[in-house]
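Let's walk through this one together, chain by chain and contact by contact. Keep the viewer open as you read.

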Amino acid sequence: MKQNLSVKTLVQDMTSAFLGEVKEGVPAAKKHVQIELQKIASCIANIEALAAKGKITKQQAKLDLQIAEDAAQSTLIAATGISEITVAKGLKAAMGVVTGLVNTALGWRLI
Amino acid sequence: MQQHLFKSLPILLLTMLLSACVAMNAPQYDTQFDKELTQIQRQVDTLFAEIKVHLGKPAANYQHYILEYRQIDVSLQLLLTRADATAHNQHTIHQVKLLQSSMDKLQQRHKLGFKNAKELASLHTLINSQIQSILTLELAKPR
């Protein structure tokens, strides 16, 4: 059987399709992390200011910080989930772009 | 070159098949989950608005809001059940559990008392941020 498929071409096509889907995902994830860490840092600074004035108890401060941590974690989980969905979409696009080429070369439907 | 291609092709095809399996494992968007979460957002907003109106008075005390907290607890449990029924939905399930945990902490915080509108607003923002992040992930899911 004659080989019609070029690995180089397949990889180029798939990479291009994949990157087209995921290129915005990575910087967005980094931005999410920075924003959430900033929020936690602000919460700690706020607790320190209130504690200095005697306006917050230890128990209240701990609960406030724990809720801030939960919120940050939830946002980062969303960023992770969105990254995974983006990667899945990228892989789907990569597969889609070579479907016709691969199936035609094989003479039967693989993808 | 042809021989090299011949050797590489099965590996490439296997990779593609595995990739296809990964791609199919993304959870699907759930309209009902979206609606239930929006309802919880409304319940939480109402709770904070009520506390804010009565802040500084006995009517702002925790014991007057036990029913509201219980209703939100029930709604969150239903939401978790809904999330659990969707395949490959571990991130959303984790987020809902975090929100449940935060609402428990908010109740403890309420029992200790809120001193001013600023700290109440700060906690409201944190809880809303969690609801928004759950919604953001849900809306990103394929339909």
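What follows is a short tour of a predicted model, from its confidence scores to its packing.

The model scores ipTM 0.81 and pTM 0.79. For chain B, the mean pLDDT is 88, with 83% of its residues at 70 or more.

Where pLDDT is low, the predicted coordinates should not be read in detail.

## Chain B in outline

Chain B is built from five helices and zero strands, so reading from the N terminus you get α-α-α-α-α by the DSSP assignment. Of its 143 residues, 27% are buried.

## Helix 2 against helix 5

Have a look at helix 2 (residues 31-54) and helix 5 (residues 117-140) of chain B. Their axes come within 11 Å and cross at roughly 175°. With the cut-off for roughly antiparallel at over 145 degrees, that crossing makes helix 2 of chain B roughly antiparallel to helix 5 of chain B.

Which residues do the meeting in helix 2 and helix 5 of chain B? On the helix 2 side they include F33(B), L37(B), I40(B), V44(B), F48(B) and I51(B), and on the helix 5 side they include L120(B), H124(B), I127(B), I131(B) and I134(B). By class, this contact has 12 nonpolar, two polar and three charged residues.

## The nonpolar cores

The largest nonpolar core has 32 residues, and I67(A), I40(B), L76(B), L79(B), L99(B) and I131(B) touch the most other members. Helix 3 (58-106) of chain A supplies at least two residues of this core, as do helix 2, helix 3 (66-84), helix 4 (90-112) and helix 5 of chain B. The largest share, nine residues, comes from helix 3 of chain A.

Apart from neighbours within four places in sequence, L79(B) contacts F33(B), E36(B), L37(B), I40(B) and V96(B). There's also a second, separate core of eight residues, among them M14(A), F18(A), A88(A) and A26(B).

## Where the chains meet

Between the chains, 31 residues of chain A are in contact with 36 residues of chain B. Helix 1 (7-22) and helix 3 of chain A each supply at least two residues of the side of chain A that touches chain B. Helix 3 of chain A gives the largest share of that side, 22 residues. Sorted by class, that side has 17 nonpolar, 11 polar and three charged residues.

## A stop at A17(A)

Last stop: A17(A), found in helix 1 of chain A. Is A17(A) buried, partly exposed or exposed? A17(A) has 18 other C-beta atoms within 10 Å, and because being buried takes 20 or more and being exposed 12 or fewer, A17(A) is partly exposed.

Setting aside residues up to four places away in sequence, A17(A) touches A93(A), A94(A), G96(A) and V97(A). By contrast, the C-alpha atoms of A17(A) and K53(A), 36 residues apart along the chain, are separated by 57 Å.

Note on methods
Residues are numbered from 1 along each chain as its sequence is written. Chains are lettered from A and ligands numbered from 1 in the order in which they are written. This is a predicted model: local features need pLDDT of at least 70, side-chain atom pairs count only at pLDDT 80 or more; totals for chains, interfaces and linings use all residues. Axes are lines fitted to C-alpha atoms, for helices over the stretch in contact, and angles run from 0 to 180 degrees between N-to-C directions. Helices (H or I, at least four residues) and strands (E, at least two) are DSSP runs, numbered from the N terminus. Angles under 35 degrees count as roughly parallel, over 145 as roughly antiparallel, 65 to 115 as roughly perpendicular and the rest as oblique. Two residues are in contact if their C-beta atoms, placed from the backbone, lie within 7 Å. Ala, Val, Leu, Ile, Met, Phe, Trp, Tyr, Cys and Pro count as nonpolar, Asp, Glu, Lys and Arg as charged, and the others, Gly among them, as polar. A nonpolar core is a set of buried Ala, Val, Leu, Ile, Met, Phe, Trp, Tyr and Cys residues joined through C-beta atoms within 7 Å. pLDDT is the predictor's confidence in each residue, from 0 to 100.
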